[in-house]
Amino acid sequence: MPIIRAADLAYVRVRVPDLDRAETFMQDFGLVRADRTGQALYMRGAGPDHHVHITEEGPAKFLALGFAVDNAEDLDCLSRLPGASKVERIEEPGGGLRVRLTDPDGHTVEVVHGIARVEPIQHVRHPLNDATEGLRRAGTLARHERGCANVLRLGHAVLVTPELPRMRAWYRETLGLLMSDEIVGPGGEVGLSFNRLDRGAEFVDHHVLLLQAGPKAGLNHVAFEVHDVDDLMLGHEHLQGLGYESVWGIGRHVYGGQIFDYWMDPWEFMYEHWTDSDRLNAEFRGVTEGTVESINGPWGQQVTHRFLTHAHE
Ligand SMILES: [Fe+2]
């Protein structure tokens, strides 16, 4: 039995030296300012979460992953773990309660509850027709406008780790994550471990946390859901036009099944737009595959060296 079952990935916290430039990138990527203080920038998606990304000011560094829980008792439980903080009030925009933990690689994990909710942002969308559902926008004209993608919500994070078995055990035992897909090398070592939330019968994204074996611990990327393939393509052209660095994409993933597009911010934090993920619930039995030739999907750009070797401390 895990100690608790996390309800969601709440936010990612990073630090960069220039908050103005960080905000420009985030807006170009499709997030919206929720708040900004003298020390930090809080960005939201279109969904009801007050913020899904925090940027503090200072030398570039990955600071923490935030996971949300559905009730405050879970925080009490976690606060009794060795090395955990007490339950503390979050003295930041949105408020709420928090317990700080440290994972086996030394990353801070902030488990939170009760952060403010906000009114969702509505975007004009044109439903997509396909051969079996061909009347989704019957009788209307789809006039798409150029511009940035519209981020809806935070989906997943990817950590590179030299201690994959220990990290995997910790996240599953502490936060109740479930295995969706794993890739195992010839010696039996796990190379990639895709883990999802356990929300019982409710269907969730194929992965909320991917652990990738590598020589150095760090953050590989953070991924946000956008509306659909049009929104993702609009975002791609927008970021390309502004001269940002494309890392990998556009393509369709094998593991998770989503359409993806990866970009670097000015300090080499990598962010993904995705749409159309596999959705699984707690009944799904995870799948283990032997060594795969590559992680290239059925179409799209081949995986880049930059993507495979990236780990931001
Ligand atoms: Fe991803």
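Strands β9 and β14 run antiparallel and are joined by eight bridges; two strands count as paired if DSSP finds at least two bridges between them. The strands themselves (E, at least two residues) and the helices (H or I, at least four) are DSSP runs, numbered from the N terminus. The model is predicted: local features need pLDDT of at least 70, side-chain atom pairs count only at pLDDT 80 or more, and totals for chains, interfaces and linings use all residues. Residues are numbered from 1 along each chain as its sequence is written, and side-chain values use heavy atoms, with hydrogens and water left out.

Ala157 has Leu209 of β13 as its bridge partner, and Val158 stands opposite Leu210 in β13. β13 in turn runs antiparallel to β11, with four bridges between them; in this pairing Ser193 stands opposite Leu211 of β13. In general, strands of a sheet pair through backbone hydrogen bonds, either parallel or antiparallel.

Nine of the eleven residues of β9 are buried, so this strand is largely enclosed by the rest of the structure. Buried means under 20% relative accessible area, exposed over 50%, and partly exposed in between, with a 1.4 Å probe and protein chains only. β13 is likewise largely enclosed by the rest of the structure, because four of its five residues are buried.

The iron ion is coordinated by His156 (NE2), His221 (NE2) and Glu272 (OE), at 2.0 to 2.2 Å. Donors are N, O and S atoms within 2.8 Å of the metal (3.2 Å for Na, K and Ca); water is not among the atoms, so sites may look incomplete. Along the chain the donors of the iron ion follow the spacing H-x64-H-x50-E. His156 belongs to strand β9 (residues 151-161) and Glu272 to strand β17 (residues 270-275), so the pair ties together parts that are 116 residues apart in sequence. His156 and Glu272 are both buried.

The largest pocket holds about 560 Å³ of space. Pockets are found on a 1 Å grid over the protein atoms alone: a cavity is a set of points where a 1.4 Å probe fits but cannot get out, whereas a pocket is an open set with protein on both sides within 12 Å along at least five of seven lines, and lining residues have an atom within 4 Å of a point. Grid points are joined across faces, edges and corners, and a volume is the space filled by probe spheres set on the points. The lining of the largest pocket has 37 residues, of which Gly191, Leu192, Gln212, Ile295 and Leu308 lie nearest the centre. Two or more lining residues come from each of β9, β10 (178-184), β11 (190-196), β13 (209-213), β14 (218-226) and α5 (305-308). β11 gives the largest share, four residues. By type, the lining of the largest pocket divides into 20 nonpolar, 14 polar and three charged residues. Here Ala, Val, Leu, Ile, Met, Phe, Trp, Tyr, Cys and Pro count as nonpolar, Asp, Glu, Lys and Arg as charged, and the others, Gly among them, as polar.

The second largest pocket holds about 380 Å³ of space. Of the 22 residues that line it, Asp8, Ala10, Asp49, Ala68 and Arg117 lie nearest its centre. β1 (8-16), β8 (108-113) and β9 each supply at least two residues of this lining, with the largest share, four residues, from β1. The lining of the second largest pocket comprises eleven nonpolar, five polar and six charged residues.

β1 is also part of an open sheet of eight strands with mixed pairing, in the order β2-β3-β4-β1-β5-β8-β7-β6. β2 (32-36) and β6 (88-89) stand at its edges with a single partner strand each, so one side of each is left without a neighbour in the sheet. Seven bridges join β1 to β5 (residues 61-68), and the two run antiparallel; Phe62 of β5 is the bridge partner of Val14.

In total, the chain has five helices and 19 strands. Its radius of gyration, taken over C-alpha atoms, is 19 Å, close to the 20 Å that the globule rule gives for 313 residues, so the chain is as compact as a globular protein of that length. The globule rule is 2.2 Å times the number of residues to the power 0.38. Buried residues make up 52% of the 313 residues.
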